[in-house]
Amino acid sequence: DLTARHPPGVLSEVYWGYCYAYLHGFDVTFASRFSIEQDAFTKQHNDPGGERAGGRRAQADRDDVQFWMAAHDVLRRLSSGLYDYVFWTIDKTMINDKHFDVPVWAYDLGHDITIMDQIQSARGYMVNSILLRSSKAAKEFMQGVLSYNNHLDTYVLHGRGAFLEMMLAALGSEAEARGLRGYNHTCVKHATLSYMAKYDKIYAKMLSAHSHCFFSELQRLAGAYGYRESKLIGFSKTYIWQD
């Protein structure tokens, strides 16, 4: 029963996602389902003080918790041997109409991970939809992302920040293999903050600084927007989906 698990405002997006999955033969998993495992995960990351700005109960952001739960689900499916691809998306992301009849794996141009290329934004690089091939490299990448989960409260953007940090680390390894300067976690210094700071004015400043750092390093390691190159990550120039 989707209605019981999702607010009315997102039901249309949920049904849209199910329709696209059904059309192209995807198995569907809603990582936003609540479970004992997720409840325990949420409690683990509660603010010890028990209070958040405005007197609200301290609790890890729902989107952040869902990111980590979904990341575990993605890795399990990549490792299951049942799938050629895993398409990791969220309910707010929609395939543009002219691409709806095209299975997303058609945009794989020989990479283990495919993501839509993006111009620099103060909001950071969006990772709301990612296509992963069931390969050793993709699994190792996701294991790397999950290795950040003990630092949930110290990364701006939380789960998304960990994914972006892993992107730069992977691109840095490729650069070093070519005899070039790699990535030495330069952007982490712009990302370390307490969970409570997300609700303070400092958050917007740090988000902007982190975004500037990320896009600068991304361009240095992979090239300019529209011309990025990587063996592991395919930066699609096609405007496939929108947030």
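One disulfide (a pair of cysteine sulfur atoms within 2.5 Å) is found in a search of the whole structure. The model is predicted, so local features need pLDDT of at least 70 and side-chain atom pairs count only at pLDDT 80 or more, while totals for chains, interfaces and linings use all residues. Residues are numbered from 1 along each chain as its sequence is written, and side-chain values use heavy atoms, with hydrogens and water left out.

**Disulfide**

- Cysteine 187 is joined to cysteine 213, with an S to S distance of 2.2 Å.
- The link of cysteine 187 and cysteine 213 is left-handed, with -90° about the S-S bond.
- Distant parts of the chain are linked by this pair, 26 residues apart: cysteine 187 lies in the loop between α6 (159–177) and α7 (201–222), and cysteine 213 in helix α7. Helices (H or I, at least four residues) and strands (E, at least two) are DSSP runs, numbered from the N terminus.

- Cysteine 187 has a relative accessible area of 0% and is buried; buried means under 20%, exposed over 50% and partly exposed in between (1.4 Å probe, protein chains only).
- Cysteine 213 is also buried, at 9%, whereas cysteine 19 is partly exposed at 42%.

**Strand β5**

- In β5 (residues 113–116), Ile113 and Ile115 point one way, Thr114 and Met116 the other, and all are buried.
- β5 runs antiparallel to β6 (residues 129–133), joined by two bridges; two strands pair if DSSP finds at least two bridges between them.
- Isoleucine 113 has leucine 132 as its bridge partner in β6.
- With β7 (residues 233–236), β5 pairs in the parallel sense over four bridges, and threonine 114 has glycine 234 as its bridge partner there.
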